[in-house]
Amino acid sequence: MDWQNLPGGGNVLDRRGGGGLPGGGLAVGGIGGLILTLVLMFLGIDPGTVLGGGPTQGEQTGPQGTTTPGQQDEDYQFIDRIARSNNDVWSGVFQQAGRTYTPPKTVLYSGTTQSGCGTANSAVGPFYCPLDNGVYIDTSFFQTMDRRLGGGGDLAYSYVIAHEIGHHVQNELGIADQVERKQRSAQARGNEAEANSYSVRLELQADCFAGVWASRTRQQTNLTEQDLRQAVNTAAAIGDDNLQKQGQGYVVPDSFTHGSSQQRVNWFMRGFKSADPNQCDSFTPAYNQL
């Protein structure tokens with residue numbers, strides 16, 4: 001994948017080097033800790049409500065990082081160009097529909113940072129905060145992908161970023177608010193399985209949006225079959241069934257919040273093959289058959 005062909009200017013804020021957690025990061029031990037970390041990835045929720053205990057706004061703890069904020073190293077250049085490319089694609093889609101797209105900010109950080117949704121740390125993984133329209137990425141997550149999520153690769157890393165920007169697209173379109181209302185209604189009726197199903201549909205649509213972006217930039221970035229395979233491997237690795245098998249040895253479909261491995265692959269490929277966001281309606285009754 002020739003991401004260097006993409007222009008920069010992705011509205012990226014570099015907070016790396018502003019301090020980390022004590023000891024250089026959060027200690028998460030055992031398979032339970034690993035699964036917690038993986039499940040939280042791509043969630044787009046308030047990380048402070050899950051892990052909590054982080055420093056308050058303006059505080060810094062632990063050793064200073066080695067990257068000066070604003071330093072445009074390769075990680076910065078990569079994320080900046082992928083973010084810009086996503087924003088260009090969605091700006092064009094919105095314009096064709098007679099709407100205006102407001103790009104999110106993309107925040108790079110190391111160790112811990114503050115978001116509009118609370119304190120974020122490296123254990124949470126990339127996430128989208130709808131309260132400040134921010135995509136938050138600790139670049140050490142890419143190392144986790146290499147070790148835990150079926151291997152890395154530039155398109156696999158890009159899929160992560162495109163998925164989170166897909167959540168921003170959902171927020172811009174009002175889809176996220178609609179889903180939240182339906183989830184609350186289901187929970188009020190005591191139907192947790194239904195509430196979880198709405199989370200699954202939201203995540204699968206973000207996967208499909210990521211596929212749309214990849215398809216619309218495939219010529220500019222010279223995507224290869226190997227690139228695509230790396231992204232598909234990542235989508236499969238973070239399926240709820242795969243994570244549950246790793247964590248507890250069995251699968252509970254009613255507790256899925258992100259979709260099965262096959263669903264995540266299918267919806268990413270649906271977006272990639274069609275290049276059409278209108279094909280990403282994961283809220284139809286037959287969504288789980290794809």
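**Exercise 1.** Are Cys208 and Cys280 buried or exposed? Work it out, then describe the bond they share.

*Solution.* Keep in mind as you go that this is a predicted model.
- Start with the burial: Cys208 is buried, and so is Cys280.
- Next, the bond. Cys208 and Cys280 form a disulfide, with 2.0 Å between their sulfur atoms.
- Now the handedness: the torsion about the S-S bond is about -75°, so this disulfide is left-handed.
- Cys208 sits in helix α7 (residues 192-216), while Cys280 lies in the segment after α11 (261-274). They are 72 residues apart, and the pair links distant parts of the chain.

**Exercise 2.** How many disulfides does the structure hold, and what pattern do they follow?

*Solution.* 
- The structure holds 2 disulfides.
- Count the bonded cysteines along the chain, and the pattern reads 1-2, 3-4.

**Exercise 3.** Track down the largest nonpolar core, then look for a second one.

*Solution.* 
- Begin with the setting: the chain has 11 helices and 6 strands, and buried residues make up 52% of its 290 residues.
- The largest nonpolar core has 50 residues. Those with the most contacts inside it are Ile82, Trp90, Phe142, Leu155, Ile161, Trp213 and Phe268.
- Zoom in on Phe142. Setting aside neighbours within four places in sequence, Phe142 is in contact with Ile79, Ile137, Tyr157 and Ile161.
- The second, separate core has 8 residues, including Tyr109, Cys117, Phe127 and Cys129. That ties back to Exercise 2, where Cys117 and Cys129 form a disulfide.

**Exercise 4.** Find out how far apart in sequence the contacting residues are, and what the surface is made of.

*Solution.* 
- Take contacts between residues at least 6 apart in sequence: 78% of them join residues at least 24 apart.
- For the surface, the chain exposes about 12,500 Å², and carbon and sulfur atoms supply 45% of it.

How values were computed
Residues numbered from 1 in each chain as written. Predicted model: local features only at pLDDT ≥ 70, side-chain atom pairs only at ≥ 80, totals over all residues. Heavy atoms only, no water. Disulfide = S-S within 2.5 Å. Helix = DSSP H or I, 4+ residues; strand = E, 2+ residues; numbered from the N terminus. Buried < 20%, exposed > 50% of the residue type's maximum accessible area, 1.4 Å probe, protein only. Contact = heavy atoms within 4.5 Å. Areas by Shrake-Rupley, 256 points an atom, 1.4 Å probe, with all protein chains shown as cover. Core = buried A, V, L, I, M, F, W, Y, C linked by side-chain atoms within 4.5 Å.
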